[in-house]
Amino acid sequence: MMEGSDLSIFAKKKPQPMASTAPLLRVEGLTKRYGARIGCADVSFDLYPGEVLGIVGESGSGKSTLLSCLAGHMAPDAGRVIFDTAEGPRDTREMSEPERRRLARTDWAYVHQNARDGLRMGVSAGGNVGERLMAVGARHYADIRTTATDWLGRVEIAPERIDDRPSAFSGGMQQRLQIARNLVTGPRLVFMDEPTGGLDVSVQARLLDLLRGLVREMGLSVLIVTHDLAVVRLLADRLMVMKGGRVVEQGLTDQVLDDPQHAYTQLLVSSVLQV
Amino acid sequence: MTDQAYNFAYLDEQTKRMIRRAILKGVAVPGYQVPFASREMPMPYGWGTGGVQVTSACLMPEDCLKVIDQGADDTTNAVSIRKFFQRTAGVQVTEATAEASVIQTRHRIPETPLREGQILVYQVPIPEPLRFLEPRETETRKMHELEEYGLMHVKLYEDIARHGQIATSYAYPVKVEGRYVMDPSPIPKFDNPKLSDNAALQLFGAGREQRIYALPPYTQVVSLDFDDHPFEAGKAPHDCDLCGAGESYLDEVIVDDAGGRMFVCSDTDFCASRQAVGHRGRLSPEEV
């Protein structure tokens, strides 16, 4: 691999924001093929607690495939995904399905690009936020409602809209609601697939601001997939650039964006429209 | 055509064996929806094709059959299904709950307590309690498999959020033996407590959906609720206007266009037998 030298350069400069030295998520040689074509190939990285890792690349570069494999929505063909569970590091691929699904609704969260994929459109905002609570056994209506109201406040949705359905919400509100619904059980790892896609710039800015606040406040580890370099510049500590299913460059966000080494990254950075 | 052209109770023996296997599996795993190869029946879907097939598989020549529709023995659905089995099986029929060995029901459990040895067959339109929350059947099966029933409470949450109380008044979801969440068919929630610890064998047949499930005698069935909004079995706060019963489930009948109404037992057999021994209600005819 030509870019192997780049990787070793930046590997030394991995930031470790928290005192904890054990990675929350360790990915080793993850590969997913669609028949003869490659979805993503030989992806390896560590994600530390409290760290935000951005994954950028053009459409079809394997970003979403990678995220789906990590989140357990798709089964990878090879590699290991080791998550630091309460009982110690476990390979999620070797977990039983009930265990993996329990993880997905407690320690993990998944924010879809399209809020409609992540919300129940026929259920009120409060019900959407409360669903994860009820899924882990909350059976006290007043408590669930109090928590839901609190979370709507934290994502800047007026509490009196708690009984409205998401279909009555604007796109930005739907996305914020989806985030509240995912974070309500206090996950440790959040997967985000283009969370700002399809939103206009001012709404995007507000959402990013909110996300940044929540991530810092809750000490979340985040894997964020996007093609928008401005989003990763704002949110991500570290960056991974993908092309054709492979990681071509990774390092600190500012380093990669200000001093791109790989030809493709240079192209990507120079393609950003300037206002 | 002569009725002898049909096998006993209409269905052929192989079909009945197939249905009995599904029933046995259902009894072995209470509350679990067993798929079965539902047959075309000489009646439309929605008229009780699932219940009829289960009844057909259970009937024996010495059985005594009762058919009720919303508690009544004399409505179209009940009358036609009863006639159907009279013609094709030649079994005895009755309207008295206590005399029947097999009771096919639509949307009610009889008021008279059932006894051991009786079979109660329910007609089920939609067996999947999670259907309207999660439309994907593959996903709901997985949820049953992994016992992920948080979503069922989302429905109850929505009820309270919108109506201030759990407004679901029929097809109220229940949990069977602490395991499977089950749709008890559209019986009023007034009947839910009778599902639990019942002496009779309860079988549920959904023809269009091709599912059979069962509650063996004395199965524990718990209606889902919230800690601060417990389950309540509700009924209209009246007495029966014909027999004066205060504890039975009531139908409301509009009697004129000036707001006049009466409440009568939905279980006609229960009401008639009470009237026969002299009970009187508010609107009972004057005694002569």
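This report describes strand β8 of chain A, its residue S221(A), and the interface of chain B and chain A.

## Basis of the model

The model is predicted; local features need pLDDT of at least 70, side-chain atom pairs count only at pLDDT 80 or more, and totals for chains, interfaces and linings use all residues. Residues are numbered from 1 along each chain as its sequence is written, chains are lettered from A and ligands numbered from 1 in the order in which they are written, and side-chain values use heavy atoms, with hydrogens and water left out.

## Residue S221(A)

S221(A) belongs to strand β8, residues 221-226 of chain A. Helices (H or I, at least four residues) and strands (E, at least two) are DSSP runs, numbered from the N terminus. The relative accessible area of S221(A) is 1%, so this residue is buried; buried means under 20% relative accessible area, exposed over 50%, and partly exposed in between (1.4 Å probe, protein chains only).

Beyond its neighbours within four places in sequence, S221(A) has contacts (heavy atoms within 4.5 Å) that include L24(A), Y48(A), E51(A) and R188(A). A polar atom of the S221(A) side chain lies 3.2 Å from the backbone oxygen of Y48(A).

Strand β8(A) is largely enclosed by the rest of the structure, because 6 of its 6 residues are buried. From this strand, S221(A), L223(A) and V225(A) point one way, while V222(A), I224(A) and T226(A) point the other way.

Two strands pair if DSSP finds at least two bridges between them. Strand β3 (residues 52-56) of chain A runs parallel to β8(A), joined to it by 5 bridges, and V56(A) stands opposite T226(A). Strand β7 (residues 189-193) of chain A also pairs with β8(A) in the parallel sense, over 5 bridges, with L189(A) opposite S221(A). Between β7(A) and β8(A) the chain passes through helix α8 (residues 201-218) in a right-handed β-α-β crossover; with the strands pointing away from the viewer, the path from the first strand over the helix to the second runs clockwise.

## Interface of chain B and chain A

The two chains bury about 1,900 Å² between them, 55% of it on carbon and sulfur atoms. Buried area is the accessible area (1.4 Å probe) that two parts lose on being put together, summed over both. Chain B contributes 21 residues to the contact and chain A 22 residues.

The interface holds 5 salt bridges, each a side-chain nitrogen of Lys or Arg within 4 Å of a carboxyl oxygen of Asp or Glu. One of them links K142(B) to E97(A), with the closest N and O atoms 3.2 Å apart.

Definitions and conventions:
A polar contact is a pair of N or O atoms within 3.5 Å; within protein, one must be able to donate a hydrogen and the other to accept it, and residues adjacent in sequence count only if both atoms are side-chain atoms.
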